[in-house]
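Visitor: I'd like a walk through this structure, one feature at a time. Could you give me the general idea first and then the case at hand?

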Amino acid sequence: MRHRSAVTVAMLAGLAALSGCVTGDVPAQGTLVSAIPSSSPFAGATGAAHAWSAQRMRGAQSFRHQPGISHTPPPTTSNARVGAVFGHGGNGDHFCTGSVVDSPGKSVVITAAHCIHTGKDGGYQTDLAFVPGYRDGQTPNGIWPITKMVVDDHWAQSSDPGYDVGFVIVGKLDGKRIADVLGANSFGYNAGYDNNVRITGYPASGQDPISCVNKATKFQTDQMKVDCTGYSGGTSGSPWLTHFNRATRTGEVIGVIGGYQTGGDTDDTSYSPYFNDAIKSLYDKAVGEERQGQMS
């Protein structure tokens, strides 16, 4: 029998933590948590079954989701920060994905540039909305109007795949800012090409998100790639989350599906621009636009 090397075990453990199986993430508000009832034959069991202590069961969950294979994630607090981008103010179809990132004004969402600007010889989309935690036609966390969009000039003028990253500012909903309601992941840059990442996104053909964990690698200069199944149209802009903190249930967004071939021409391999100093400058520009909007 072949045995996993220590390196393989460490990598799988890291991927499992990102999958949410061992992160200690909690269900989003309004969801149910099931437990084994006291009348269950497993309650108070002895012998081999008794050997499965709570600690051992938590360890077993580490391999629940195979790296590179997508699944429908539970509606947890961290997953609620990822949402679908809709046309016609939320009344149209969803066609891209975005996620909340931390900012001083608590109102910034990251996505792919091609989701909000058509690139060379084009312009910004209009009448868009962000729906975090969207599932099966339901909008548990509200429909947030997109009030401002920001892409780099390199994308706007030449559709440069190295700059296929965009930011949007969302308006308040019921007087509240989105990150105050849902929390936010941090914006990470210059994090290196090789990271274990969790990618969550919304295929346009479905009504639920999918999630996958695997190791991202360098594809070419300023482009990363990852193998994950089922990331079809609609998943552009899906965040690449790493360095997940189990205590705060937050991580760093170091990529989004986009870039090379606007994210890839097959469903099972996705790409992202590498978040370098230029993408950090774009994030800073979005923060400036956010500040200006809140002062006006």
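Guide: Ground rules first. This is a predicted model, where local features need pLDDT of at least 70 and side-chain atom pairs count only at pLDDT 80 or more, while totals for chains, interfaces and linings use all residues. Residues are numbered from 1 along each chain as its sequence is written, and side-chain values use heavy atoms, leaving out hydrogens and water.

Visitor: What average pLDDT does the protein chain have?

Guide: pLDDT is the predictor's confidence in each residue, on a scale from 0 to 100. Here the protein chain averages 85, and 78% of the residues score at least 70. Over residues 29-63 the pLDDT is below 50, and that stretch has 14 contacts in the model beyond near neighbours in sequence; a contact means heavy atoms within 4.5 Å. Residues 19-24 also stay under 50, with 17 contacts beyond four places in sequence. Where pLDDT is low, the predicted coordinates should not be read in detail.

Visitor: How many helices and strands are there in the protein chain?

Guide: Helices (H or I, at least four residues) and strands (E, at least two) are DSSP runs, numbered from the N terminus. The protein chain has six helices and 13 strands. Take the contacts between residues at least 6 apart in sequence: 69% of them join residues at least 24 apart.

Visitor: What share of the protein chain is buried?

Guide: Buried means under 20% relative accessible area, exposed means over 50%, and partly exposed is in between (1.4 Å probe, protein chains only). Of the 296 residues in the protein chain, 48% are buried. For the accessible surface, the areas come from the Shrake-Rupley method with a 1.4 Å probe, and for residues only the protein chains shown count as cover. That surface comes to about 14,200 Å², with 50% belonging to carbon and sulfur atoms.

Visitor: Which residues touch the most other members of the largest nonpolar core?

Guide: A nonpolar core is a set of buried Ala, Val, Leu, Ile, Met, Phe, Trp, Tyr and Cys residues joined through side-chain atoms within 4.5 Å. The largest one has 41 residues, and those touching the most other members are Ile-110, Phe-130, Ile-146, Val-165, Phe-167, Val-170 and Phe-275. Another core lies apart from it, with 14 residues that include Tyr-193, Ile-210, Ala-216 and Val-226.

Visitor: On to disulfides. How many does the count come to?

Guide: A disulfide is a covalent bond between the sulfur atoms of two cysteines. The rule used here is a pair of cysteine sulfur atoms within 2.5 Å, and the count comes to two. One joins Cys-96 to Cys-115, S to S 2.1 Å. That pair links distant parts of the chain, with Cys-96 in strand S2 (residues 94-101) and Cys-115 in helix H3 (residues 113-116), 19 residues apart. Both cysteines are buried.

Visitor: And where does the Cys-212 and Cys-228 pair sit?

Guide: Their sulfur atoms are 2.1 Å apart. Cys-212 is in strand S9 (residues 210-220), and Cys-228 is in the loop between strand S10 (223-227) and strand S11 (239-245). The torsion about their S-S bond is about -80°, so this disulfide is left-handed. The link of Cys-96 and Cys-115 is left-handed too, with -80° about the S-S bond. Number the bonded cysteines in sequence order and the pairing reads 1-2, 3-4.

Visitor: How many salt bridges does a search of the whole structure find?

Guide: Side chains of opposite charge can pair when their charged atoms come close. The cut-off is a side-chain nitrogen of Lys or Arg within 4 Å of a carboxyl oxygen of Asp or Glu. The search finds four. Among them is Lys-148 with Glu-289, the closest N and O atoms being 3.7 Å apart. This pair links strand S5 (residues 144-151) to helix H6 (residues 277-295), 141 residues apart. Lys-148 is partly exposed at 35% relative accessibility, and Glu-289 is partly exposed at 22%. Arg-177 and Asp-180 also meet in a salt bridge, 2.8 Å from N to O.

Visitor: Last one: what is the phi of Asp-127?

Guide: Phi of Asp-127 is near 60°, a positive value in a residue other than glycine. Asp-127 is in the loop between H3 and strand S4 (129-132). Gln-261 is not a glycine either, and has a positive phi of about 55°. Gln-261 sits in the loop between strand S12 (250-256) and strand S13 (269-273).
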